[in-house]
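This briefing is a guide to reading one protein structure, topic by topic. Please keep the sequence and the three-dimensional view at hand while working through the points.

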Amino acid sequence: MSVDSQKLSTLMHENRTFPPSDEFRAQANFNDERIYEQAAQDPEAYWSEQALHLSWFKPFENVLKWTPPHAKWFLGGKLNAAYNCVDRHAFGPRKNKAALIWEGEPGDTRVLTYDMLRREVDKAAHALKRLGVQKGDRVSIYLPMIPELPIAMLAAAKIGAIHSVVFAGFSSQSLQQRLEDAKSKVLITADGGWRRGGITPLKANADEALVQTPVEKVVVVQRVGEVAGITMQENRDVYWHELLAESPTTPFEPEPMDSEDVLYLLYTSGTTGKPKGIVHSTGGYLTGANTSMRSVFDIKDSDVWFCTADIGWVTGHTYLVYGPLSAGTTVVMYEGGPDYPTRDRYWQIIEKYGVTVLYTAPTLIRTFMKWGESHPAAHDLSTLRLLGTVGEPINPEAWMWFHQHVGRGTCPIVDTWWQTETGCAMIAPLPGIVPTKPGSATRAVPGIDIDVVDENGESVGFENGGYLVIKKPWPSMLRTVWQDDARYRDTYFGKFEGVYLPGDGAHVDADGYVWILGRIDDVINVSGHRIGTAEVESALVAHPAVAEAAVIGRAHDVKGQAITAFVTVRDGITTDEQLVADLKRTVVEQIGAMARPEEIIFAAELPKTRSAKIMRRLLRDIAEGRVLGDTTTLADPSVVDTLKAQYKDAE
């Protein structure tokens with residue numbers, strides 16, 4: 001891969017910089033620039049020091065064993081993830097501190113202190129043991145965003161079982177694939193879940209998925225009640241509340257786990273092929289999650305942390321459960337969507353609970369932009385002190401809107417790049433040290449060795465683009481693909497020997513800042529010009545009429561590929577041929593004539609997953625008239641039908 005260097009858009013030439021204020025720098029956990037050099041000179045010493053922020057039953061003897069492409073971290077050490085996230089706080093000074101503040105979609109609430117959470121986790125661990133779950137067994141969890149979800153994860157971890165959370169938006173077929181691959185002994189699900197006033201039929205989906213799986217027992221949480229209309233299968237199904245009622249109240253002794261023992265599986269849902277079961281270890285993963293909470297997110301004991309991700313995705317694993325709880329943080333967890341029942345639900349929650357750190361997705365920020373600044377302006381957001389973004393590259397204009405209308409121009413923004421496979425944030429500014437630029441994840445965090453290389457694996461240097469790679473192992477890296485190590489080797493280490501390939505393209509600017517260009521396959525080849533979709537999308541979103549844009553390449557007889565842009569405009573904007581011309585001109589001015597969209601389709605909504613990611617592959621299917629791929633993870637499947645009809649009319 002090579003990124004066209006003829007003319008890169010303003011995305012890579014953003015000149016606005018936002019250094020940390022003296023006040024923020026003074027109180028930051030990490031505020032000495034020398035930490036980068038120290039970690040680079042001796043990464044093992046750096047990670048050893050960070051690992052000691054966890055509680056170990058037995059100290060580790062060696063920091064790292066690296067036999068590419070396999071790494072083992074903190075060899076000989078024994079610990080337990082649930083103990084680190086719950087017990088050590090519950091039996092200490094944080095006993096009565098709020099661990100989890102939960103808000104349900106209908107408005108019901110629940111607060112669990114660390115001591116209360118410990119008791120719930122212990123009862124669930126006792127219950128799983130009675131069902132026959134042993135260390136190393138797999139427990140699949142198919143739940144909505146309710147407290148029982150992190151409780152179930154932590155209970156499995158306390159036993160030493162391997163949990164596999166399946167996103168509640170997945171279909172029965174997707175669930176079945178994951179149950180079969182993991183060979184799960186127990187499934188924990190719910191009668192249903194609330195979503196924008198409707199019910200997601202989780203138990204019905206589970207019943208359909210369980211026809212041909214190794215699952216022996218199904219535990220059912222009552223969330224929506226009789227309206228779900230579920231059936232319980234005798235000798236297989238049992239209600240969560242009944243099971244826990246029979247549990248003893250005595251503490252559950254945590255299983256000492258080797259640092260390299262598997263903590264969880266999380267399946268990636270690639271556009272084609274069998275989902276990959278990403279394997280994460282206990283000691284290394286927890287070290288990465290805990291370290292990034294303290295370094296990237298500057299977490300303090302007084303903070304109230306709100307991550308808007310679903311726990312069904314890795315962001316929810318790392319930054320709603322294991323990261324914040326291992327750091328003793330108060331976590332806000334919300335069940336529903338950002339616009340139900342009104343478009344200011346997130347801002348209500350921030351004001352209600354005094355949230356201090358907000359971590360959300362660029363797609364949501366662009367949606368908030370579309371809805372207008374009146375919604376955040378109507379609420380007291382003065383408790384916020386730090387903002388974060390995750391999931392995809394953020395457009396500079398969305399970054400600035402977030403900065404001005406949510407952060408009031410004073411909150412640092414940490415734009416983070418990482419993956420399911422990396423376990424925690426890899427590229428992100430340390431907010432007490434690094435000046436930020438709108439749209440850039442800035443630089444690798446301490447202890448991470450990244451580079452941008454060409455086809456031959458050679459560094460491209462400043463002002464050039466290429467493959468993003470990670471050159472050295474890190475504690476929270478995936479250990480393998482479950483039951484398929486060959487796929488692990490081929491997918492992540494097959495191109496450059498001993499070097500991890502994430503599959504993203506990147507550009508390094510003159511200051512050494514990294515700009516993520518999106519997936520390698522999100523590069524469009526127009527008449528020999530390779531153009532990153534993120535470049536075109538950023539140019540479009542820079543136009544004052546545009547709220548959001550998704551760009552794809554479709555087959556073209558002459559050019560090879562032509563650019564099609566799907567655009568949503570801000571409220572009150574009229575869409576006409578003049579606006580089409582203006583948008584095309586904007587792209588030409590910012591990137592060049594080779595990047596001019598062949599067509600622009602205005603859309604009320606773009607197809608997104610319930611984790612707020614735009615499904616660009618579906619847009620490609622629509623543009624090229626193909627049969628649509630899997631749509632089970634869409635938040636609103638009707639959006640696709642509307643777009644298909646719109647696109648056909650526009651032809």
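This is a predicted model: local features need pLDDT of at least 70, side-chain atom pairs count only at pLDDT 80 or more; totals for chains, interfaces and linings use all residues.

Val445 lies in the loop between strand E20 (413–415) and strand E21 (450–453). Later points turn to aromatic rings, helices and the backbone.

- Is Val445 buried or exposed? Val445 counts as buried because its relative accessibility is 7%, and the cut-off for a buried residue is under 20%.
- Leaving aside residues up to four places away in sequence, Val445 touches Tyr36, Val296, Ala425, Met426, Ile427, Ala428 and Leu430.
- One of these contacts, Ile427, is 18 residues from Val445 in sequence, and the two C-alpha atoms are 5.5 Å apart in space.
- Tyr36, another residue touched by Val445, has the charged end of Arg443 over its ring, 3.7 Å from the ring centre.

**Aromatic rings**

- A pair of aromatic rings is described by two quantities, the distance of the centres and the angle of the planes.
- How many aromatic pairs does a search of the whole structure find? The search finds 32 aromatic pairs.
- In the pair formed by Trp474 and Tyr500, the centres are 5.3 Å apart and the angle between the planes is 80°. This pair is edge-to-face, because planes over 60 degrees apart count as such.
- The pair links distant parts of the chain, its two members being 26 residues apart. Trp474 is in the loop between strand E22 (464–470) and strand E23 (480–481), whereas Tyr500 is in the loop between helix H16 (485–493) and strand E24 (504–508).
- Trp474 is buried, at 2% relative accessibility, and Tyr500 is buried with a relative accessible area of 1%.
- Trp474 and Tyr500 also belong to one aromatic cluster, together with Trp66, Tyr488, Tyr492 and Phe493.
- Elsewhere, Arg178 lies over the face of Phe170, at 4.2 Å from the ring centre.

**Helices that pack against each other**

- Two packed helices are described by the angle between their axes and the distance between the axes.
- The axes of helix H4 (residues 81–90) and helix H6 (residues 148–159) come within 7 Å and cross at roughly 120°. H4 is therefore oblique to H6, and the crossing is left-handed.
- Which residues meet where H4 passes H6? On the H4 side they are Ala81, Ala82, Cys85, Val86 and Asp87, and on the H6 side they are Leu154, Ala157 and Lys158.
- H6 also crosses helix H11 (residues 314–326), with axes that come within 11 Å and an angle of roughly 60°. H6 and H11 are therefore oblique to each other, and their crossing is right-handed.
- In this contact H6 contributes Pro150, Met153, Leu154 and Ala157, while H11 contributes His317, Val321, Tyr322 and Leu325.

- In helix H12 (residues 345–353), the buried residues are Arg345, Tyr346, Trp347, Ile349, Ile350 and Tyr353.
- Gly354 follows H12 and has a positive phi, near 65°.
- Helix H17 (residues 533–541) is mostly covered, with nine of its nine residues buried.

**Backbone features in loops**

- The peptide bond from Pro68 to Pro69 is cis, with omega near 5°. Pro69 is in the loop between strand E1 (62–67) and strand E2 (70–75).
- A cis peptide bond also runs from Tyr340 to Pro341, with omega near 0°. Pro341 lies in the loop between strand E17 (330–334) and H12.
- Arg196 is not a glycine, yet its phi is positive, at about 50°. Arg196 lies in the loop between strand E9 (193–195) and strand E10 (198–200), and is partly exposed with a relative accessible area of 35%.
- Asn235, a residue other than glycine, has a positive phi near 70°. Asn235 is found in the loop between strand E11 (217–221) and strand E12 (237–239).
- Is Asn235 buried or exposed? At 64% relative accessibility, Asn235 counts as exposed, because the cut-off for that class is over 50%.

Note on methods
Residues are numbered from 1 along each chain as its sequence is written. Side-chain values use heavy atoms; hydrogens and water are left out. Rings of Phe, Tyr and Trp (its six-membered ring) pair if their centres lie within 6.5 Å; planes under 30 degrees apart count as stacked, over 60 as edge-to-face and the rest as tilted. Helices (H or I, at least four residues) and strands (E, at least two) are DSSP runs, numbered from the N terminus. Buried means under 20% relative accessible area, exposed over 50%, partly exposed in between (1.4 Å probe, protein chains only). A charge sits over a ring if NZ of Lys or CZ of Arg is within 6 Å of the ring centre and within 35 degrees of the ring normal. Axes are lines fitted to C-alpha atoms, for helices over the stretch in contact, and angles run from 0 to 180 degrees between N-to-C directions. Angles under 35 degrees count as roughly parallel, over 145 as roughly antiparallel, 65 to 115 as roughly perpendicular and the rest as oblique. A crossing is left-handed if the near helix is turned anticlockwise from the far one by less than a right angle, and right-handed if clockwise. Contact means heavy atoms within 4.5 Å.
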